[in-house]
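Subject: Structure handover

Dear colleague,

Please find the structure below, followed by notes on what was found in it.

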Amino acid sequence: MAAPKIFASKIGLIAATVGSAVGLGNVWRFPAEVQEGGGAAFLIIYICCVVLLGIPVMLSEFALGRAGRSDAVGSLKNIGAGRGWQLVGGWAIAASYIILCFYMVVAGWTFEYLWQSISGGLFAPEATTTGLNAHFSAKMETFITESYNPLINTYIMIAINIAVLIAGVQKGIERLSNIAMPILFLILLVMVGVSLSLPGAMDGVSFFLKPDFSKITATTVIDALGQAFFSLSLGMGILITYSGYFPKENKLLKTAVTVSALDLLVAIMMGLIIFPAVTSFGLGGESLRGATLVFVTLPEVFANMPATQLWSILFFLLLTVAALTSTISIAEVSVAFICDRFRTKRWKSVLIVMLPLLLFSSVCSLSMGPLSHITVAGLNIFDLLDTIATNIMLPTGSIFLCIYMGWIAPKNLFVNQLTNNGSLKSNFIPVAIFIVRYVAPILIAGVLISNFI
């Protein structure tokens, strides 16, 4: 008998939802945004974006999902949305699947680095205290661009996703989250302690927590808003799908605040790991961006530390856990859609969603190496899908979702979901509804337009 489609406990609910939000975005983009945005100046704006915009939009997705009790399309249909508005849900599902195609490749990279850390291959034999940057840059080039090894690691991550997803909501997603998220936070806590103990670490902390307001521009605000939406998994259909598994008595506002606070905590803890570490060893600049930070700069930091292999294993275990919980939540959006729309058994739905990734993710992986000559508008296939999904589809879907929940949805549906049919009260609820109606669509449109300027 299949496990019921509802989270069994409050802890499991929070762990799964936080796991869907906490991902490589907290590592991949956040440090570079902080560095360019004036340290804590960016952090302050980012926190404001999370509290004043991220939480209200998250609440709109929670309200829709719990009211509709289905996938991103079915939830809209179940609350009476017309076919045109149901396309908004379909748009979110399409965006999430495109993201899944290339995100699974990145998850494979993190798994490769975890294995290389465990085996010692990442640091031996040529890694020394001199020429480390060139060594790790060459390693990254090899691991990411070669033909076969990235594919094998991608397939391993796909297989793990399939196993967890087939197990179901309680026995798969919730059980994994209950184990993975405590491990993730424990590793973060340990690495924060280690990073803060390094020589000169306080200089990095000072940069991270001391605001430089002279660097704040309109672009900084737009970047902070984009980071908040991406980090909280808004517009992907994930939160709509997961909230369909929330018990009826769950307090949506409390859940949204808890998930946002924990996601924010992860970002801050990553800052307290990265900035003291790179400052201690005189690194920084462009090395704080994306793959260079994760696969070159931080291994260089570990190589300069005692117990090099241990810290590398812990860090890449952290990243692999974050990548796994993220890919599972992204995949669940499409799995729920297939299950609910076509009434197929869960295991069949999982295979329908995941097996095509053996082709799609392979193409994304090979586009970093053997197929890199295939470009559109100067972008390889991997970067093209990333740009289409994150810069165009996610903000566009969020705008229409806010318009629907703010203006079109059945009267009092939003309020009834947030108050559990009048049994709860909060002064923030009217503010959240106002933001979803009037503020969020305009600001998200600003982010969308900025991507083309």
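How many helices and strands are there in the chain? There are 20 helices and two strands, where helices (H or I, at least four residues) and strands (E, at least two) are DSSP runs numbered from the N terminus. This is a predicted model, in which local features need pLDDT of at least 70 and side-chain atom pairs count only at pLDDT 80 or more, while totals for chains, interfaces and linings use all residues. Residues are numbered from 1 along each chain as its sequence is written, and side-chain values use heavy atoms, with hydrogens and water left out.

Overall dimensions. The C-alpha trace spans about 65 × 50 × 45 Å along its principal axes. Of the 453 residues, 57% count as buried (under 20% relative accessible area; exposed is over 50%, partly exposed in between; 1.4 Å probe, protein chains only). Among contacts (heavy atoms within 4.5 Å) with a separation of 6 or more, 83% join residues 24 or more positions apart.

H4 and H13. The axes of H4 (residues 40-68) and H13 (residues 252-280) come within 9 Å and cross at roughly 140°. Axes are lines fitted to C-alpha atoms, for helices over the stretch in contact, and angles run from 0 to 180 degrees between N-to-C directions. H4 passes H13 in a right-handed crossing (the near helix is turned clockwise from the far one by less than a right angle; anticlockwise is left-handed). The residues of this contact divide into 17 nonpolar, two polar and two charged (Ala, Val, Leu, Ile, Met, Phe, Trp, Tyr, Cys and Pro count as nonpolar, Asp, Glu, Lys and Arg as charged, the others, Gly among them, as polar).

Serine 260 lies in H13 and, at 2% relative accessibility, counts as buried. Leaving aside neighbours within four places in sequence, serine 260 touches Val50, Ile55, Met58 and Leu232.

H8 and H17. H8 (residues 149-167) and H17 (residues 357-366) pack at about 145°, their axes 10 Å apart. This crossing of H8 with H17 is right-handed. Pro150, Leu151, Thr154, Tyr155 and Ile158 of H8 meet Leu357, Leu358, Ser361, Ser362, Ser365 and Leu366 of H17. That gives seven nonpolar, four polar and no charged residues.

Regards
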